[in-house]
Each structure stands twice: as structure tokens, then as C-alpha cells.
Amino acid sequence: MNIIEVKNLVKNFGGVYAVNDLSLKIPRGKVVGIIGPNGSGKSTFVNLLSGMVEINSGMVIFDDAEKLKKIKPYEIQDLSITRTFQEVRLFEQMTVIDNLLVVLTSRSVFGSFFEVHKKYHLEEAEKMLQRVGLEAKKNQLAKNLSYGQRKLLEIARALLMKTEIYLFDEPFAGLFYAMIKTVSGIIKDLRKEGKTVILIEHNMDLIRELSDYVFVMDEGSLLAEGEPNSVLKKKSVIEAYLGK
Ligand SMILES: Nc1ncnc2c1ncn2[C@@H]1O[C@H](COP(=O)(O)OP(=O)(O)O)[C@@H](O)[C@H]1O
Ligand SMILES: [Mg+2]
């Protein structure tokens, strides 16, 4: 059963075709790796899925065959998808815990300032901080966190959205070993919970360890797909990484 089906997806920025006639199917409840050289269109692809950029042509279909739905770009935000960014995005002037409470109490930053946080929201936020190992940073401003801590906070925010599909754009980049363990544990837990994870990642050991299925992008198109071990052995994939 596929949770997402993409058909002939195209996104160009002027003359640059970031995503070029891409068709693929994402199985529900799996961890799907997206790999490919820099500039191959991986981030643009997740930007299209999460409605951050508008589709030029093609189609994104969400959910199973019974209720195949053709989504218009502006409708994608309403679907059960959350994501992290390659460039971390937080509320910089807010504390770590407030960055989480905003997600739990209100989707609007301004609304949440005036809202009295319910005790269970606070407990849930604190539990999440423990899960990502940031409990000691609870009252610090987000802007004062280290690079890795910022990434963990962004992941914590995404988890609290409690959606069906999680898009992680290079969540491990720049993380130290202990943090990598934390994030890979989170991805494994999401899989156990039956969530669908789309993981963009350069580290092939992590792709092998975490993903059930891999898509390889090159110049906006699909170069290869399959189980990680067989895909990573393909000559075309190795050549794409080494440069032709
Ligand atoms: N907002 C944008 N404006 C112009 N060009 C863009 C924009 N976003 C991406 N691109 C271009 O699209 C191509 C694919 O980029 P990207 O999706 O970021 O690749 P990846 O994530 O695989 O490194 C690159 O050539 C990049 O320069
Ligand atoms: Mg990218």
C-alpha cells in the first residue's frame, strides 16, 4: 500500500530543472531513503511534498488506492505531513521548551504566547526534551543552542506534530555520535509506530541501517530504486556519486 504516489513531477527554477519528470511510489509505514549527489533535487522533492514550493506539472497523490486524491499544491499543507529542513528553522528568540509548547498548544506563535499551558502539555514537552537529550537546555533561548542541539530541537518539534509522514532532510549532517544514535533511535521508533519516514541522507551506513527502500536521484530524475544493499552496489549509482 502506497501512502504517496508521485507522477511525472516537474519543478524548474528558470532553466534549472530541479525535479524533472519524477515518478515514484512511497510505501506506507516504511523508512524510505532518498539519496543522490548534491544538487540532484532531493530537497526540492521534499519541498514539493510538503507544499513549500509549487509544482510546475505532474501530480502528488496521497493515501491508499481506495481514496486516491489528487492534491493541489496549496492543499498539501493540510495533509498529515511534517518535516525538518536542511537549514534548521526554529523560533530563535524563544526558549527551548517554548519552541515545543508552541507546537502543542497552538499552531500560531502569537496565540501561544497568551495561552496558559496546560500541565499535560508541559509534561509532554519535557518528555520530548528527554527523548532528544535536551532536558538540560530547557530554559535556554533557541538561538544559543549548538548546531547539533538545534537539529535535535527541530526534530522534537516535528515529532510533536504527530503526523503520519515525516520528511527528514539530512537530519544527521553535522551531528556527533551520541546525537546520531538519538536520531536513528527516533527513526526506528517511528517505523515501529507504523509511521512513514522519508529520509534524505548522505551517510550510506545510516541509509543501510535505517531504510527499507531507497530512491536514488540524479539531475532531478530517478536513477535507481530498490533495497539499500542492492541499490548501493549498482554501477550507475556509484558513478553518479563519483561524477561522470
Ligand atoms: N529556490 C531555488 N531557486 C533556484 N534554484 C534552486 C532553488 N532551489 C533549488 N534550486 C536548484 O535546484 C537544483 C536542485 O537543488 P536541491 O533540491 O537543493 O538539491 P539537493 O537537495 O539534492 O542537493 C540545484 O541546481 C539548485 O541550485
Ligand atoms: Mg538538499
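In which sense do strand 6 and strand 7 pair, and over how many bridges?

1. Strand 6 and strand 7 (residues 165–169) run parallel and are joined by four bridges; strands count as paired if DSSP finds at least two bridges between them. R83 has L167 in strand 7 as its bridge partner. The model is predicted: local features need pLDDT of at least 70, side-chain atom pairs count only at pLDDT 80 or more, and totals for chains, interfaces and linings use all residues. Residues are numbered from 1 along each chain as its sequence is written, while chains are lettered from A and ligands numbered from 1 in the order in which they are written.

2. The protein has nine helices and ten strands. These are DSSP runs numbered from the N terminus, with helices being H or I of at least four residues and strands being E of at least two.

3. Six strands form an open sheet of mixed pairing, in the order 6-7-8-3-9-10. Strand 6 (81–84) and strand 10 (221–226) are its edges, each pairing on one side only. From one strand to the next the twist averages 20°. Helix 5 (residues 147–160) packs on this sheet and touches strand 6 and strand 7, its direction making about 175° with that of strand 6. Axes are lines fitted to C-alpha atoms, for helices over the stretch in contact, and angles run from 0 to 180 degrees between N-to-C directions. Contact requires C-beta atoms, placed from the backbone, within 7 Å.

4. Of the 244 residues in the protein, 38% are buried (20 or more other C-beta atoms within 10 Å of the residue's own, with C-beta atoms placed from the backbone). The largest nonpolar core has 62 residues; such a core is a set of buried Ala, Val, Leu, Ile, Met, Phe, Trp, Tyr and Cys residues joined through C-beta atoms within 7 Å. Helix 2 (residues 96–105) supplies the largest share of this core, seven residues. The core lies between domain 1 (1–80 + 164–244) and domain 2 (90–162), because both give residues to it. The domain bounds come from an automatic or database domain assignment.

5. I34, A156, I198 and L199 have the most contacts inside the core. Leaving aside residues up to four places away in sequence, I34 touches K42, F45, I198, L199, I200, F215 and M217.

6. K42 is also among the residues surrounding ligand 1, together with others including F13, V16, A18 and G36. The shell criterion is a C-beta atom, placed from the backbone, within 6 Å. Strand 2 (16–27) and helix 1 (42–49) are the elements giving two or more residues to this shell, and helix 1 gives the most, with three.

Methods. Two residues are in contact if their C-beta atoms, placed from the backbone, lie within 7 Å. A residue is buried if 20 or more other C-beta atoms lie within 10 Å of its own, exposed if 12 or fewer, and partly exposed in between; C-beta atoms are placed from the backbone.
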